[in-house]
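I opened my notebook to look up a few contacts in one structure.

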Amino acid sequence: MSDFSGRTGLIVGVANKRSLAWAIAQQVDAAGARLVLTYQNDRLKENVDELAAQLTTPPILLPCDVSRDEDLVSLVEALDTHVDGLDFVVHGASFAPREALSAPFVETSREAFRMALDISAYSLVALARATAPLMVRKGGGSIVTLSYLGSDRVFPNYNVMGVAKAALESSVRYLAADLGPQNIRVNTISAGPVKTLAASGISGFSGILQVYRDRAALKRNIDGGDVAGAAMFLLSDWSKGVSGEVIYVDGGYRPMGM
């Protein structure tokens, strides 16, 4: 396991114990990192409070709704008073209205389209811009976000979220080009299906899990630990030459022909 002692990281997107962002938080905490966790609102703060108590090093908890620019400004101001810089940022924020997932894609409303892309894709751009100066203080850093194969292929009831993930992956490449000269790397993990809070809104999700078990090279579904392991690699110096990439953690589903 990589040693994260002396490193400080910001993790956005912890909603409950099934969040992939939480799986990553647990592993980097166990490796010695000092963490800052955000929560979207008071309801989710209760969940994050309860989870934070399980970490080895008590994290700093700060509010942040990534759809609000003023919240990102407040987040950076608060980080300035609590830490001397950031070594890494994990972006795990995504959302689409439930009706935009269940109805045919052609019926996606303008507002649902805007909301899905704003929260699931643009928030990475805003977060990277806001936190880059804090990583520059440390001589550079690593940003990791979370995607899904629905960015590239059609999955039932994924709809506008697939479009948002495509925008997210493209944003990763452009951010990697912009921030590379400051020694800030930007990558995404395209995880196989995992039973998270976000997945609970996808009708027929159990069927998608079964397809992966049947067709993936490893003949199993992945879990949060698999994603966290890949994140540890991307957040550590072991991947210091990797940026602008999509790393697939799906049990070997993507390369299979059938």
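Does R114 count as buried, partly exposed or exposed? I looked it up in the model, which is predicted. R114 has 42% relative accessibility, so R114 counts as partly exposed.

**Entry 1: R114 and its partners**

One is E111, and the two form a salt bridge. Their closest N and O atoms are 2.7 Å apart. Both residues sit in helix α5, three residues apart, which is about one turn of the helix. At 41%, E111 counts as partly exposed.

R114 also meets D118 in a salt bridge, at 3.5 Å from N to O. D118 lies four residues from R114 in helix α5, so about one helical turn separates the pair. Is D118 buried or exposed? I found a relative accessible area of 18% for D118. The cut-off for buried is under 20%, so D118 is buried.

I noted the general idea here. Side chains of opposite charge can pair when their charged atoms come close.

Next I looked up R137. Its side chain meets that of D80 in a salt bridge, with 2.6 Å from N to O.

**Entry 2: a network and the total**

I also found a network of salt bridges that links R68, E70 and D71. How many salt bridges are there in the whole structure? My search gave 10.

**Entry 3: helix α1 against helix α8**

I then turned to a helix pair. Helix α1 covers residues 20-30, and helix α8 covers residues 224-235. They pack at an angle of about 60 degrees, and their axes are 8 Å apart. That angle makes α1 oblique to α8. The crossing of the two is right-handed.

Which residues of α1 meet α8? I listed L20, A23, I24, Q27 and V28. On the α8 side, the residues in contact include V227, A228, M232 and L235. I sorted the residues of this contact by type. Nine are nonpolar, four are polar and none is charged.

Technical notes. Residues are numbered from 1 along each chain as its sequence is written. This is a predicted model: local features need pLDDT of at least 70, side-chain atom pairs count only at pLDDT 80 or more; totals for chains, interfaces and linings use all residues. Side-chain values use heavy atoms; hydrogens and water are left out. Axes are lines fitted to C-alpha atoms, for helices over the stretch in contact, and angles run from 0 to 180 degrees between N-to-C directions. Angles under 35 degrees count as roughly parallel, over 145 as roughly antiparallel, 65 to 115 as roughly perpendicular and the rest as oblique. A crossing is left-handed if the near helix is turned anticlockwise from the far one by less than a right angle, and right-handed if clockwise. Contact means heavy atoms within 4.5 Å. Ala, Val, Leu, Ile, Met, Phe, Trp, Tyr, Cys and Pro count as nonpolar, Asp, Glu, Lys and Arg as charged, and the others, Gly among them, as polar. A salt bridge is a side-chain nitrogen of Lys or Arg within 4 Å of a carboxyl oxygen of Asp or Glu. Buried means under 20% relative accessible area, exposed over 50%, partly exposed in between (1.4 Å probe, protein chains only).
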